[in-house]
Amino acid sequence: MRLGARIFKTGLAIMLALYAAQWLGLEPAFFAGLTAAFAIQPSIYKTYQTILEQLQANTIGAILAVVFGLAFGHEPFVIGVVVMLAIAIITRMNLESATIPVTLVTIIIIMGSAPNEEYLMYAISRFGLIMVGVFSAFLINMLFIPPKYEEKLYKKSRHNDREHRTVDSTNDSSRYEYSIQKKRSRKIKRRAR
């Protein structure tokens with residue numbers, strides 16, 4: 001079995017999220033670890049692209065979870081409606097689809113086993129855990145530079161371009177030789193008449 005960069009980064013992000021949540025006194029810390037696993041990205045570009053959208057999408061999910069939880073309770077039906085509403089809003093806002101799983105985790109964590117008293121403080125604490133996970137994944141993505149996909153793509157493209165040019169030049173010379181042979185053939189036919 002090969003331990004690749006993405007596996008390594010995921011493990012580190014979860015570890016960092018768990019330690020950070022414990023250090024901040026946020027419980028249960030495994031919520032932060034779960035979020036970090038969903039929030040890890042394959043590249044720095046993807047990390048930059050999704051971090052702001054993760055914040056937006058998770059804030060939307062948390063607000064919906066709090067509002068609907070206070071208004072309608074925490075029944076599975078209500079959670080399902082909030083999930084559908086969150087997905088619709090995220091899609092409508094053209095946010096990255098990779099933000100949806102973490103947003104759903106946010107909603108379920110906030111609404112899943114919420115106490116009736118001090119619900120707002122409970123929701124804020126859970127949202128804090130989610131953000132610890134998101135920021136842990138972001139930090140690990142920034143610290144551990146992924147493979148240089150752009151450089152690999154450039155080298156592969158240059159290699160393919162060279163091969164294509166070789167084939168083209170071979171085809172061009174073949175066409176050129178064919179046209180020369182055709183002209184010679186015409187000259188011979190003319191002389192034969």
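**Confidence in the model**

pLDDT is the predictor's confidence in each residue, on a scale from 0 to 100. You need that score here, as this is a predicted model: local features need pLDDT of at least 70, side-chain atom pairs count only at pLDDT 80 or more, and totals for chains, interfaces and linings use all residues. Residues are numbered from 1 along each chain as its sequence is written, and side-chain values use heavy atoms, leaving out hydrogens and water.

The protein chain has a mean pLDDT of 82, with 77% of its residues at 70 or more. Among its elements, H4 has the highest mean pLDDT, 96, while helix H7 (residues 149-192) has the lowest, 64.

**The whole chain**

So what is the chain built from? The secondary structure comes to 7 helices and 0 strands. Here, helices (H or I, at least four residues) and strands (E, at least two) are DSSP runs, numbered from the N terminus.

The protein chain has 193 residues, and 35% of them count as buried. Buried means under 20% relative accessible area, exposed means over 50%, and partly exposed lies in between (1.4 Å probe, protein chains only). Now look at contacts, meaning heavy atoms within 4.5 Å. Among those between residues at least 6 apart in sequence, 75% join residues at least 24 apart.

**A look at helix H4**

Helix H4 covers residues 76-92, which makes 17 residues. The expected span of a helix is 1.5 Å times one less than its number of residues. For H4 that gives 24 Å, and its end C-alpha atoms are 24 Å apart, which agrees.

Which residues of H4 are buried? They are Val78, Ile79, Val82, Val83, Ala86 and Ile90. These cover an arc of only 140° around the axis, which puts them on the same side of H4; the arc is that of the directions from the helix axis to the C-beta atoms. There's a general rule to keep in mind: an α-helix has 3.6 residues a turn, so residues three or four places apart point the same way.

What covers the buried residues of H4? The cover includes helix H3 (44-72) and helix H5 (99-112). Turned away from the buried side, the other face carries the exposed residues Phe77, Met84 and Arg92. After H4 comes Asn94, with a positive phi near 55°.

**Thr35, tucked into H2**

Thr35 sits in helix H2 (residues 30-39). This residue is buried, with a relative accessible area of 0%. Leaving aside residues up to four places away in sequence, Thr35 touches Val102, Val105, Ile130, Gly133 and Val134.
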